[in-house]
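Please read this report beside the sequence and the 3D view. It covers the sheet, selected loops, charged pairs and aromatic rings.

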Amino acid sequence: EDEIDEFIPHFENLQNIVLRGFMCIPNPDNSERSFQKMAEIIKKYPNLDVLSMGMSNDLELAIENGATFVRIGVDIFGKRVN
């Protein structure tokens, strides 16, 4: 997260790629804090509108913290079978 401010300007010079937002894979010990931190970070960039975070087990918490995409494959398809 310390490098985000340096990373974002690189997208301004790319003709066919537009940065829309961020994806968060939370710290498994504290998903809520990870989601809160991402919500704070994306507020610094008003031109970004996508915040992908949360999965089937924590989607409500992710949505409460501003997620615009959630990954809910387990809820739809069930757990993977090996």
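Two strands pair if DSSP finds at least two bridges between them. Helices (H or I, at least four residues) and strands (E, at least two) are DSSP runs, numbered from the N terminus. This is a predicted model: local features need pLDDT of at least 70, side-chain atom pairs count only at pLDDT 80 or more, and totals for chains, interfaces and linings use all residues. Residues are numbered from 1 along each chain as its sequence is written, and side-chain values use heavy atoms, with hydrogens and water left out.

β1 pairs with strand β2 (residues 50-55) in the parallel sense, over four bridges. Within this pairing, F22 stands opposite L51 in β2. The sheet itself is open and has three strands, in the order β1-β2-β3, with parallel pairing. Its edge strands are β1 (21-24) and β3 (69-71), each of which pairs on one side only. On average, neighbouring strands of the sheet are turned by 20° against each other, direction ignored.

Angles here run from 0 to 180 degrees between N-to-C directions; axes are lines fitted to C-alpha atoms, for helices over the stretch in contact. Contact means heavy atoms within 4.5 Å. Helix α2 (residues 31-43) lies across β1 and β2 and runs at about 175° to β2.

N30 sits in the loop between β1 and α2. Its relative accessibility is 37%, so N30 counts as partly exposed. The N30 side chain reaches the backbone nitrogen of R33 at 3.1 Å. From N30 to L51 is 21 residues in sequence and 18 Å in space, C-alpha to C-alpha.

S56 belongs to the loop between β2 and α3 (59-64). At 16% relative accessibility, S56 is classed as buried. Which residues does S56 contact, leaving aside its neighbours within four places in sequence? They are R71, I72, G73, V74 and D75.

G73 is part of helix α4 (residues 73-77). With 34% relative accessibility, G73 is partly exposed. Beyond four places in sequence, G73 is in contact with S56 and G78. G73 and S56 are 17 residues apart in sequence, yet 7.0 Å apart in space, C-alpha to C-alpha.

## Salt bridges

A salt bridge is a side-chain nitrogen of Lys or Arg within 4 Å of a carboxyl oxygen of Asp or Glu. The structure holds four of them.

| Pair | N to O distance |
|---|---|
| K37 and E1 | 3.3 Å |
| D5 and K44 | 3.6 Å |
| R20 and D49 | 2.8 Å |

K37 and E1 meet in a salt bridge. K37 lies in helix α2 and E1 in the segment before α1 (4-7), so this pair ties together parts 36 residues apart in sequence. K37 is partly exposed at 27% relative accessibility, whereas E1 is exposed at 60%.

D5 forms a salt bridge with K44. D5 is in helix α1 and K44 in the loop between α2 and β2, so the tied parts are 39 residues apart in sequence. D5 is partly exposed, with a relative accessible area of 46%.

R20 and D49 form another salt bridge. R20 is in the loop between α1 and β1, and D49 in the loop between α2 and β2, so the pair ties together parts 29 residues apart in sequence. Both ends are partly exposed: R20 at 45% and D49 at 44%.

## Aromatic pairs

Rings of Phe, Tyr and Trp (its six-membered ring) pair if their centres lie within 6.5 Å; planes under 30 degrees apart count as stacked, over 60 as edge-to-face and the rest as tilted. The count comes to two aromatic pairs.

The F7 and F11 rings have centres 5.2 Å apart and planes at 75°, so the pair is edge-to-face. F7 is partly exposed at 47% relative accessibility.

F22 and Y45 also form an edge-to-face pair, 6.2 Å centre to centre with 70° between the planes. F22 lies in strand β1 and Y45 in the loop between α2 and β2, so parts 23 residues apart in sequence are tied together. Are F22 and Y45 buried or exposed? Both are buried.

Technical notes: Buried means under 20% relative accessible area, exposed over 50%, partly exposed in between (1.4 Å probe, protein chains only). A polar contact is a pair of N or O atoms within 3.5 Å; within protein, one must be able to donate a hydrogen and the other to accept it, and residues adjacent in sequence count only if both atoms are side-chain atoms.
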